[in-house]
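The sequence and the structure are shown first.

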Amino acid sequence: MPLYDYSCGQCGDFTAMRPLAQWRDPSPCPECGAGCDRILAGAPALGALSSAVNRAHAMNERNASEPRSTRGGHGMNCGCCGAGRTAGKTRKTADGGKTFANSRPWMISH
């Protein structure tokens, strides 16, 4: 449950732990029991996070829309920047059949 700040007219400010569904509802003052309205007393404590947590948050934000690539600006297996793709061992004949240069097509690889 999150902590919310409230202000009592007689007793002053206080903090109460309330369910998220009751964030708009007034909270009873712990001193006098009067219903008190919620106030925004301070900013969230995001600056108190460690540098490792801040780096993890930044990495998660970056990865959500910009996945890291090994090539600047190009996706994986991009053929435009690297050396040309080498031809495989499969050769096609004029009638559409396949042959394998310098290999044994009947062998099953592991």
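Which residue stands opposite Cys-8 in strand 2? Gly-12 does.

## Basis of the model

The model is predicted, and local features need pLDDT of at least 70, side-chain atom pairs count only at pLDDT 80 or more, while totals for chains, interfaces and linings use all residues. Residues are numbered from 1 along each chain as its sequence is written, and side-chain values use heavy atoms, with hydrogens and water left out.

## Chain overview

One helix and six strands are found in the chain. Helices (H or I, at least four residues) and strands (E, at least two) are DSSP runs, numbered from the N terminus. Along the sequence their pattern reads β-β-β-β-α-β-β.

The chain has 110 residues, of which 9% count as buried. Buried means under 20% relative accessible area, exposed over 50%, and partly exposed in between (1.4 Å probe, protein chains only). Of the contacts in the chain between residues at least 6 apart in sequence, 16% join residues at least 24 apart. Contact means heavy atoms within 4.5 Å.

Four strands form an open sheet in the order 2-1-4-3, with antiparallel pairing. Two strands pair if DSSP finds at least two bridges between them. Strand 2 and strand 3 (27-28) are the edge strands, each pairing on one side only.

Strand 1 and strand 2 run antiparallel and are joined by six bridges. A hairpin of three residues connects strand 1 to strand 2. Strand 1 is also antiparallel to strand 4 (residues 35-39), with three bridges between them. Asp-5 has Ile-39 as its bridge partner in strand 4.

## Nonpolar core and aromatic pair

The largest nonpolar core has seven residues: Tyr-4, Tyr-6, Cys-8, Phe-14, Ala-16, Cys-29 and Cys-36. A nonpolar core is a set of buried Ala, Val, Leu, Ile, Met, Phe, Trp, Tyr and Cys residues joined through side-chain atoms within 4.5 Å. Strand 1 (3-8) and strand 2 (12-17) each supply at least two residues of this core. Strand 1 gives the most, with three residues. Beyond its neighbours within four places in sequence, Ala-16 contacts Pro-2, Leu-3, Tyr-4, Tyr-6 and Ser-27.

The whole structure contains one aromatic pair. Tyr-6 and Phe-14 form this pair, which is stacked because the ring centres are 5.6 Å apart and the planes lie at 20°. Rings of Phe, Tyr and Trp (its six-membered ring) pair if their centres lie within 6.5 Å; planes under 30 degrees apart count as stacked, over 60 as edge-to-face and the rest as tilted. Tyr-6 and Phe-14 are both buried.

## Cysteines without disulfides

How many disulfides does the structure hold? There are zero. A disulfide is a pair of cysteine sulfur atoms within 2.5 Å. Cys-29 is in no disulfide, and the nearest cysteine sulfur, that of Cys-8, is 3.8 Å away. For Cys-32, the closest cysteine sulfur is also in Cys-8, at 3.7 Å, too far for a bond.

Cys-29 is buried, at a relative accessible area of 5%, whereas Cys-32 is partly exposed at 37% relative accessibility. Cys-36 lies in strand 4 and is buried, with a relative accessible area of 3%. Apart from its neighbours within four places in sequence, Cys-36 is in contact with Tyr-6, Ser-7, Cys-8, Phe-14, Pro-26, Ser-27 and Cys-29.

Is Asp-13 buried or exposed? Asp-13 belongs to strand 2 and is exposed, because its relative accessible area is 56%. Setting aside neighbours within four places in sequence, Asp-13 contacts Tyr-6, Ser-7 and Ile-39. Asp-13 and Cys-29 are 16 residues apart along the chain, and their C-alpha atoms are separated by 9.1 Å.
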